[in-house]
Amino acid sequence: MFKSGFITIIGRPNVGKSTLTNKIIGEKLSIVSCRPQTTRNNIRAVLTKDNCQLVFVDTPGIHKPRHKLGEYMVKIAEESTSDVDLVVFITTPQKEIGKGDEMILESLKKSKNPVFLVVNKIDENPQELVVETLKNYSEYMDFTEIVPISAKNGKNVDTLVELMIKHMPEGPKYYPDDMISDVQERFVISEIIREKALRLLSEEVPHGIAVEIISMKKDDRNRYHIDANILCEKDSHKGIIIGKGGQMLKKISTYARQDMEKFLGAKVSLEIWVKVKKEWRDNNFVLKELGYKD
């Protein structure tokens, strides 16, 4: 019997949703950052085994939106819990259930599908706190399965996958065996650049950056030529992103190109410019151009 189904991973920002998806698939599909609300789109990842196919939807963290981009992120995260076969609610060890988690759990109580509780980052917290978290959440809601994990180190992730397969219905193979994601190459390329910018800029520049791919061409020598813009909201941010003598932008380009070459399996020539688009996160036209609006 072949099993298949769709799984959504939902939770607050920065609890490890993207890290878990990447660990399960074994590929870097979702960008990972210590900065909250890194993921802006639902990214569909596919795990195919001999007896099953699991299709994962990695969602943006649910948070109180402060601009139109935030509203879009919360909307698609909440919509992802419908039309799936399994919901994985992920959180981290804490003494009591916070308001953000309460809001998500109240909506999940209405779900007709199985809901897993996954407590992540168990290796970074005292065991007593992990046990207390598992107890508090299991008393708040009746979960189908409860799994403590470390997504970063892979602890109990295989167990989690086996339990997912157990609760999948019998179904068809939705995607070819060699397909691990339905996102376009250009989107992955833009996310690679955005991740490097977030990591290297640290706290200097807020989350108001986006990346647009101007052109992406492959020549007859199997080499990619990619031109991209990093968009920011303030003139002061532009200077920080470029850095003294262009050093920061050069670092972002170098690290991004290295990841691109691994992802594409080919040499990459990369050019990045920095442009100021004030208040782009509240601009419907810009959001649509960047793929953040339906």
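Q: What do S4, helix H3 and S5 make, and why is the unit called right-handed?
A: Strand S4, helix H3 (residues 99-108) and strand S5 together make a right-handed β-α-β unit, a term which means that, with the strands pointing away from the viewer, the path from the first strand over the helix to the second runs clockwise. Helices (H or I, at least four residues) and strands (E, at least two) are DSSP runs, numbered from the N terminus. The model is a predicted one, in which local features need pLDDT of at least 70 and side-chain atom pairs pLDDT 80 or more, while totals for chains, interfaces and linings use all residues. Residues are numbered from 1 along each chain as its sequence is written, and side-chain values use heavy atoms, without hydrogens and water.

Q: Which elements continue from S5 into a right-handed β-α-β unit?
A: S5 is followed in such a unit by helix H4 (residues 127-140) and strand S6.

Q: How do you know that S5 pairs with S4 and with S6?
A: Pairing requires at least two DSSP bridges between two strands; S4 (residues 86-91) and S5 have 5 bridges in the parallel sense, and S5 and S6 (residues 145-148), which also run parallel, are joined by 4. Phe-116 of S5 takes part in both pairings, for it stands opposite Val-88 and has Glu-145 as its bridge partner in S6.

Q: Why are H1 and H5 called roughly perpendicular?
A: The axes of helix H1 (residues 17-25) and helix H5 (residues 157-166) come within 11 Å and cross at roughly 80 degrees, and the two helices are therefore roughly perpendicular to each other. That class spans 65 to 115 degrees, with under 35 roughly parallel, over 145 roughly antiparallel and the rest oblique; axes are lines fitted to C-alpha atoms, for helices over the stretch in contact, and angles run from 0 to 180 degrees between N-to-C directions.
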